[in-house]
Amino acid sequence: MKVERVTTLPKVSWLAGSIRQTRLLRPRLADDFVHRQRLIDRLEGGLTNPLTLIATPPGFGKTTLLCDWAAQSSILVAWLCIDERGDNLQSFVAHFVSAIQTVAEEVGQQTLSLLNLPDLPSPAEIAALLDDELIELMEDVALVLDDYHLTNNPSVHEFIGALLDHPPPGFHLMLATRADPPLPLARLRLHGQLTELRAKHLRFSSEETILFFEQCAKLQLDAYTIALIEERVDGWAAGLRITALSLQDKTEPADTLSALEGRRLRGLMDYLVDEVLANHPEEVRRFLLRSSIVERICAPLAVALLKDGTHNEAAVAMLNRIMQANLFLAPCENDPRWYRYDALFRDALRSRLSIDAGDSGLVQLHARAATWLAGDGVVQEAIHHARASGDDELAARIVEQRAHDALNHNELPALESWLRLLPPEQLERRPALLMTQSWVAFERGRWALQGQLLPKAEANLEAAARTMDAATVSALRGELQVVLGLCLMDEGDGAGTAEAGRRALTLLPDTQRYYVSMAHWVLAIGEYMDGRAADAVHRLNQMLSNYQGPMDVGLARLLDALMRLHAYSGNLQEAREVAKDLLRLATEHCYTLTVLSWANYQLGAIAYEMNDLETARKHLTAVLSRPELANGPALRDATYCLALVQRTSGFERDARLTLDRLHEYLRRTGNIEEMMIVRALLSHFAKVPTEEAESLPGASVRGQRRNSLMVLRGNPDVLHVRALLAQASVESFSEAETILDQLLTHARARHFTAREIDTLALQVALLQTRGRFQDAADTLERALDLGAPGGFIRTFLDTGPLIEAVLRRLRPSSRHEAYIDALLGAFAAEASVHRARNALARLSVQPLEVAEALTNREAEILERLAERLSYKEIAQRLVISPFTVKAHASHIYGKLGASGRRDAITKARSLGLIAQA
């Protein structure tokens, strides 16, 4: 396979396109600021508390003070500017964690993974997980939330409040706000956990006022004028700055100051902005007013907003001119291309802009901002401006234009957030948006929803085709064919699936890599189901051998299709090698895509089938630890397979908890059909008694998955048969026989060897139970014929001891003597482990393997982890480095098979390694 190696390819994150990096940049200090050491000392001393609140009316210098403190703070400082339009909980948490990661990149991955769920966990649940992750901070970190008053979402306040309920050591929140937030401030004050700075603290003293005018404003004012300023402005920072601008070139400062009589805050700002604008030429005023329409400005965006022939160099010069004039503009920290106005000054400019430009002028500016931002990839902000302009069509077109890139780069959360911003009528009547929704449903595993969207998209496309260009219509029809192929695949129509894939390839342009790769995928699966496995495998191998270019969605899908065909046909070793290739190439090229979750799932499922439980646990845990990269069905199947590994390893309770978490995930995402499957899984793990059999999914739900090749383990019909065998009645045996005959017919018709082996094994158990010993032996011989080449083991072990008895009777006459010996050896080993566990249970002794595996130092650190100490605090107590603590913690998690601190503590307590809480 010829694959161009591009080692410099940047890592693609699911957050790309949804995280606005400029919100994470600390504003740069203006030249005319006064260093206020008394306030810096107050902030630094307040770091012993989890929350610092700076709450004042606008213009008191909150942001300037925090920037000055951050530049010299003794700890790491992260920054997040709250969006003036407000965040939903998903966006807020994503930006919150991303801000922390600018100074502590190892923290927050598990929390970000929760944001992949369409229906988020509660704010308290998200905060609890982030609390646990923040404990792992190597150094103290402060996060500044600037303009927190712009947050009006109760879920965001609940998240912050829950985070402060159990504040992790070493993490500090700094809130700059115009009003007290709805947080548990009284409780924090009572417990001495709150540092507060109010307007009375931030007012300029007489000494600071004199210093400002002399050193920053370069104005020599007499004592009378200073006293008049203090009387009028009362230490208000914004008032001082704009007063200084108003007094430039004035021969009689007192005349200007007398006009301020009785004005306060907003009225004073409006008056002084008029004064400032009057002191500058028309081109500066025009630039200030028009650029205030956006949250942040850069030269190319300014050119687009002005649209008066101004070129980029002139816009850069104007930005520098405005900054040098101290007009409340500063470049963003670490990104000098972008500039940000002081929020109060920007608000005043916008108020004046609405008067000067009128409604029609504002509409034009919003539309220009939307168009430019969309072209620059700032999609979410572009959608907001498009809708502010009243042009919902433009907002919809922006999503349509960016949807392909988002799918190519696995930016599903961003794509979902864009779709949520659009009005329902746009989503319903635009075929491209319906198709986008359909693909999101596919990646989330909501196939029923995808099937519902298909006829809507078809009807809308036919209605709109006359008004669209031929290339767009052809591409959309190609997308429709791919979705049709997926629906036909789920119905078991191999020939129809393949034909849909072929038609799609004739309609789709090569530039749409995501859809073209899915068309090849559908074609290959369809050919396999239609009995042309050799043709499909040959074509895929030929395409892979001729593949040119770096790792991308096209290559990933081809490898995924080949991997699946080998797995479906029972060629486990070949499937394993292709899955390894897929993961290796993705790692080398820093490429992420949902198909990687299938690769890890396949490696885990194959390892489990071959009875390599540790390897299985590693790969399956990899899927669950990064659900933001997981296809919905892969996440579900990996969860079930991990539960099988846990149960086989003797951790029955962990297996139940793993499935419970999956059930809760499906409940939140509204995936009712899959919830019913998981209920069957839970019932199977609980060893369903006869009287509870009716709680299992109905026959209609079970039958929907008989033809599907998507579910490799946990098939509802198979689980129902196991429950029927456990009931051991004439009626249950008869029903089980009927279902098994249907399953076998479907598996053979679709050439699904892996499912055929599983079905034959259950038939052996049923025949043995009913006393049909020769039929059981003959059926087992057929199962061995299919299972021997792939090395199937767990399929037989999980069916139970009835298979073992038939294996012993069959061995002397079987053509698979060596294979039977290997299976009998696995049965014997598993029986030995069960006997040992039962003996320990009878003696009320916990298994010793983990306890003995932990070193004295690891046991000591485990105790400290249970005390919720940070790595830094543990290191100080044990006189070692935080990095050594982190290394030991990683070893502890591995030995306990834990996903993190909380899981490790739970398991350690259940094993008696540490005391119960």
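Asn 611 is partly exposed at 28% relative accessibility (buried means under 20% relative accessible area, exposed over 50%, and partly exposed in between, with a 1.4 Å probe and protein chains only). The model is predicted: local features need pLDDT of at least 70, side-chain atom pairs count only at pLDDT 80 or more, and totals for chains, interfaces and linings use all residues. Residues are numbered from 1 along each chain as its sequence is written, and side-chain values use heavy atoms, with hydrogens and water left out. Helices (H or I, at least four residues) and strands (E, at least two) are DSSP runs numbered from the N terminus.

- Asn 611 is not a glycine, yet its phi is positive, at about 70 degrees.
- Asn 611 sits in the loop between α30 (595-609) and α31 (613-625).
- His 751, also a residue other than glycine, has a positive phi near 60 degrees.
- The loop between α37 (730-749) and α38 (753-769) holds His 751, which is partly exposed with a relative accessible area of 35%.

**The parallel sheet**

- Five strands make up an open sheet with parallel pairing, in the order β2-β3-β4-β1-β5 (two strands pair if DSSP finds at least two bridges between them).
- β2 and β5 (194-197) are the edge strands, each pairing on one side only.
- From one strand to the next, the twist averages 15 degrees (axes are lines fitted to C-alpha atoms, for helices over the stretch in contact, and angles run from 0 to 180 degrees between N-to-C directions).
- Within the sheet, β3 (residues 141-146) and β4 (residues 171-177) are joined in the parallel sense by five bridges.
- Opposite Leu 143 stands Leu 173 in β4.

**Helices across the sheet**

- α1 lies across β1 (51-55), β4 and β5, and runs at about 160 degrees to β5 (contact means heavy atoms within 4.5 Å).
- α6 (residues 154-165) lies across β1, β3 and β4, and its direction is at about 145 degrees to β4.

**Salt bridges**

- Side chains of opposite charge can pair when their charged atoms come close.
- There are 45 salt bridges in the structure (a side-chain nitrogen of Lys or Arg within 4 Å of a carboxyl oxygen of Asp or Glu).
- One of them joins the side chains of Asp 83 and Arg 23, at 3.9 Å from N to O.
- This pair links distant parts of the chain, 60 residues apart: Asp 83 is in the loop between β2 (76-81) and α3 (89-101), and Arg 23 is in the segment before α1 (37-45).
- Asp 83 counts as buried at 3% relative accessibility, and Arg 23 counts as buried at 0%.
- Arg 198 and Glu 196 meet through their side chains in a salt bridge of 2.7 Å, N to O.
- In that pair, Arg 198 is partly exposed, with a relative accessible area of 21%, whereas Glu 196 counts as buried at 18% relative accessibility.
- Glu 577 and Lys 580 form a salt bridge in which the closest N and O atoms are 3.9 Å apart.
- Glu 577 and Lys 580 are separated by about one helical turn because they lie three residues apart in helix α29 (residues 572-588).
- Glu 577 is partly exposed at 40% relative accessibility, and Lys 580 is partly exposed with a relative accessible area of 42%.
- Elsewhere, salt bridges that share partners join Glu 499, Arg 502, Arg 503, Glu 527 and Arg 539 into one network.
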